[in-house]
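Me: I am new to this structure and would like to know what stands behind the words used for it. Please set each value against its rule.

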Amino acid sequence: MAELESPMMPKMITFLSSLLERVAESNDETKNQQKISIFHGLTRPNISIQNYLERIFKYANCSSSCFIVAYVYLDRFSKSQPSLPINSFNVHRLLITSVMVAAKFMDDVCYNNAYYAKVGGINTTEMNYLELDFLFGLGFNLNVTPNTFQCYCVHLQREMLQMQPLNFADSSLSLAISLKTHLCFNEDESSHQKQQKLAV
């Protein structure tokens, strides 16, 4: 898998956090069918999703591709756990866990669970339980094909285009289209079409 250029990483963090914020807000509105899990906090964390991702990026020192792979894992987890959609109460724990699992699978050198627990603001025992529950939720399906990786990169590029209006002569044209947030893809499909909304 091709590495993302490091100057693009902060922008990629912004786009990924924007996408996850919209998904979490959307799922917060439909609380009636959601179950509580080990990933749920008692209250919403004070730190924003973007600041949390930036913190992980700053201290985890994992490869850039780990954030895309973590995004793939979040999507797979949401598909396999439809009664556990990403929301404001679980998104932070799901993020630190998905990045840690991605780093362990993708990178030759990575930090241990105790370090990721400190970065994520949780204790080591909780980090261990989160990792185990996440892996079982994924069915230990950690491999990401180059085609799947590219699909998710393309989706983040679309997110970037939605956030940044195009500069045309006619300023009324913009790509900030109000679409429902989609994360899920059919990983075998090469057309990069959006398949279903993330656990809503």
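Me: Why is Asn87 called buried?
Reply: The model is a predicted one. In it, Asn87 has a relative accessibility of 2%. Buried means under 20%, so Asn87 counts as buried. Asn87 lies in the loop between helix H3 (65–80) and helix H4 (91–106).

Me: How do you know that the span of H3 is close to the expected one?
Reply: H3 has 16 residues and reaches 23 Å from its first C-alpha to its last. At 1.5 Å a residue, 22 Å is expected. As for cover, 14 of the 16 residues of H3 are buried, and the helix is mostly covered.

Me: What makes Tyr71 and Tyr152 an edge-to-face pair?
Reply: By the rule for rings, the count comes to 6 aromatic pairs. Tyr71 and Tyr152 form one that is 5.0 Å centre to centre, with 85° between the planes. Centres must lie within 6.5 Å, and planes over 60 degrees apart count as edge-to-face, so both conditions hold for Tyr71 and Tyr152. The pair links distant parts of the chain, with Tyr71 in helix H3 and Tyr152 in helix H7 (residues 146–163), 81 residues apart. Tyr71 is buried at 1% relative accessibility, and Tyr152 is buried at 0%.

Me: Why is the pair of Phe77 and Phe134 called stacked?
Reply: The angle between the planes is 25°, and the centres are 5.0 Å apart. Phe77 belongs to helix H3 and Phe134 to helix H6, 57 residues apart. Phe77 counts as buried at 2% relative accessibility; Phe134 is buried too, at 0%.

Me: How do you know that Arg93 and Glu126 meet in a salt bridge?
Reply: Their side chains come to 2.7 Å, N to O. The limit is 4 Å, so Arg93 and Glu126 qualify. Arg93 is in helix H4 and Glu126 in helix H6, 33 residues apart.

Me: What makes Glu131 and Lys104 a salt bridge, and are they buried or partly exposed?
Reply: The closest N and O atoms of Glu131 and Lys104 are 2.8 Å apart, which is within the 4 Å limit. Glu131 lies in helix H6 and Lys104 in helix H4, so the pair ties together parts that are 27 residues apart in sequence. Glu131 has a relative accessible area of 13% and is buried.

Me: Why is Leu132 called partly exposed?
Reply: Leu132 has a relative accessible area of 45%. Buried is under 20% and exposed over 50%, so Leu132 falls in between. Its place is in helix H6 (residues 124–138).

Notes: Residues are numbered from 1 along each chain as its sequence is written. This is a predicted model: local features need pLDDT of at least 70, side-chain atom pairs count only at pLDDT 80 or more; totals for chains, interfaces and linings use all residues. Side-chain values use heavy atoms; hydrogens and water are left out. Helices (H or I, at least four residues) and strands (E, at least two) are DSSP runs, numbered from the N terminus. Buried means under 20% relative accessible area, exposed over 50%, partly exposed in between (1.4 Å probe, protein chains only). The expected span of a helix is 1.5 Å times one less than its number of residues. Rings of Phe, Tyr and Trp (its six-membered ring) pair if their centres lie within 6.5 Å; planes under 30 degrees apart count as stacked, over 60 as edge-to-face and the rest as tilted.
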